[in-house]
Amino acid sequence: MAASLPSAAVLGARAFAALQGLNRFSDEPGKLTRLYLSPAHRQAAEWTKGAMEVAGLTAFIDAAGSVQGRREGPVPGGPAVMIGSHIDTVKDGGRFDGNLGVVAGILAAQALRDAGIVLPFALEVVAFGDEENVRFPTHLSTSGALAGDYDPAWLDARDADGVRLADALVAFGGDPGGIAGLARKPGSVKAYLEVHIEQGPVLEVENEAVGIVTAINAQRRARVRVTGEAGHAGTVPMALRKDALTASAEMALALEGIAAGHEQAVGTVGVFQVEPGAANVVPGAVSFTVDIRSPRDETVAAMEAIVRERFADIAARRGVGLSITTYTKASAVPMDPTLQDALSTGIARMGVNPTPRRLPSGAGHDAMAMAALCPAAMLFVRNEKGISHSPLEAMTEADAGIAIRALLEAILELARREA
């Protein structure tokens, strides 16, 4: 049945050609910036809709701005296997993050159609529009809409220019009033599969083209404010200083040690703002962020407790004030074991690796939202040095082809199990 499917090499070449077409659409000349509901997002959505139609899918842009395509199964309106990812980007982002998964789904649908393969279920491809959550303070809003977990308060959220999400959605051509109707009924989606670059270095270090995601990490983020006393850099003796910067620096190093002491955990200080920020003034206040992640909810909770205790000890010893405000809590989302095995079978059938690498995802993905609706799984693809959210993001045609062919084989395995 799979003999007439395109080779990995052909699929890789097709993927790179498609990505070149999709990535023409940007809000910033010379960069790839495609924010949710922007003019470039609309152009990319139209291009994606057209590509889906060429691949034999019936496609439309939905009320929230996602592009949905469907190939019916033997029972019209019956349950579907869905392939998805996103087409929004960060500012000055990379070519493959999200976009690869959308193109992979379209090319898989096209290959199955061209080979005349009839599946025992419907096949859908979805290009979500708000995975990066850069423009508005949302969280996986477009995939959440399909999963029935859309927060109506997001419609009143505003971007940096003061534009309401609801107004931007109307200007885009969407329909705020139609979002609730996007929620899929339980059982209407049999499985959700997502192909995505790893955004980390593990597969490259281990010389593996693809890997299977076991879970998407739990995550907590907090804003930390350290308050000391500003003073003249030349006249305040060292023993009498209440330096907010040195206290904050010690806290950042403490976070590094805490994360290193927990298996598969990471901890990051990504923002550091010093006040007043003058060369001749002892820093009087510092604001910084803390981001901690792990595949286990218990580990993240334990790390947060240790962080609070250690930071408080440092603040007391240095005589500075401290406030910690948690603003993001995301539980770990395990990927479905049966779908993981189907992906493993797909990889093994290609002769790439009979026992593919399994690893957690440190980054969030639309699969997190979709897992609340149906079984979900992800296939990671090696990317150069693990660099992502950057124009330096890179991968090979060969790896893209391997991933798409493995995806096809996994779909055929699901079909075989249902037959």
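Which residues lie nearest the centre of the second largest pocket? Val 266, Thr 268, Arg 293, Gly 362 and Ala 363 do, out of a lining of 23 residues. Before going further, some ground rules: this is a predicted model, where local features need pLDDT of at least 70 and side-chain atom pairs count only at pLDDT 80 or more, while totals for chains, interfaces and linings use all residues. Residues are numbered from 1 along each chain as its sequence is written, and side-chain values use heavy atoms, with hydrogens and water left out.

Now, the empty space. Rolling a probe the size of a water molecule over the atoms shows where such space is left. Here that is done on a 1 Å grid over the protein atoms alone: a cavity is a set of points where a 1.4 Å probe fits but cannot get out, a pocket is an open set with protein on both sides within 12 Å along at least five of seven lines, and lining residues have an atom within 4 Å of a point. Grid points are joined across faces, edges and corners, and a volume is the space filled by probe spheres set on the points.

Back to that second largest pocket, which has a volume of about 530 Å³. Strand 9 (266-268), strand 12 (285-294) and strand 15 (357-361) each give two or more residues to its lining (strands are DSSP runs of E, at least two residues; helices are runs of H or I, at least four; both are numbered from the N terminus). Strand 12 has the largest share, with four residues. Sorted by class, the lining holds ten nonpolar, nine polar and four charged residues; Ala, Val, Leu, Ile, Met, Phe, Trp, Tyr, Cys and Pro count as nonpolar, Asp, Glu, Lys and Arg as charged, and the others, Gly among them, as polar.

The largest pocket comes in at about 680 Å³. It has 30 lining residues, and Glu 132, Gln 219, Arg 221, Arg 293 and Gly 364 are the closest to its centre. Strand 7 (218-227) and strand 13 (321-330) are the elements that give two or more residues to this lining, and strand 13 gives the most, with three.

Strand 7, strand 12, helix 8 (297-318) and strand 13 each supply two or more residues, with strand 7 giving the most, four. Seven of the lining residues are nonpolar, one is polar and three are charged.

On to the helices. Helix 2 (residues 39-54) packs against helix 3 (residues 99-114) at an angle of about 20°, their axes 9 Å apart; axes are lines fitted to C-alpha atoms over the stretch in contact, and angles run from 0 to 180 degrees between N-to-C directions. That makes the two helices roughly parallel, a label for angles under 35 degrees. Thr 48, Ala 51, Met 52 and Val 54 of helix 2 meet Val 102, Ile 106 and Arg 113 of helix 3, where contact means heavy atoms within 4.5 Å. Five of these residues are nonpolar, one is polar and one is charged.

Helix 2 also packs with helix 1 (residues 8-22), at about 145° and with axes 10 Å apart. Ala 18, Gly 21 and Leu 22 of helix 1 and Ala 44, Trp 47 and Thr 48 of helix 2 make this contact, which has four nonpolar, two polar and no charged residues.

Conventions: Parallel < 35°, antiparallel > 145°, perpendicular 65-115°, else oblique.
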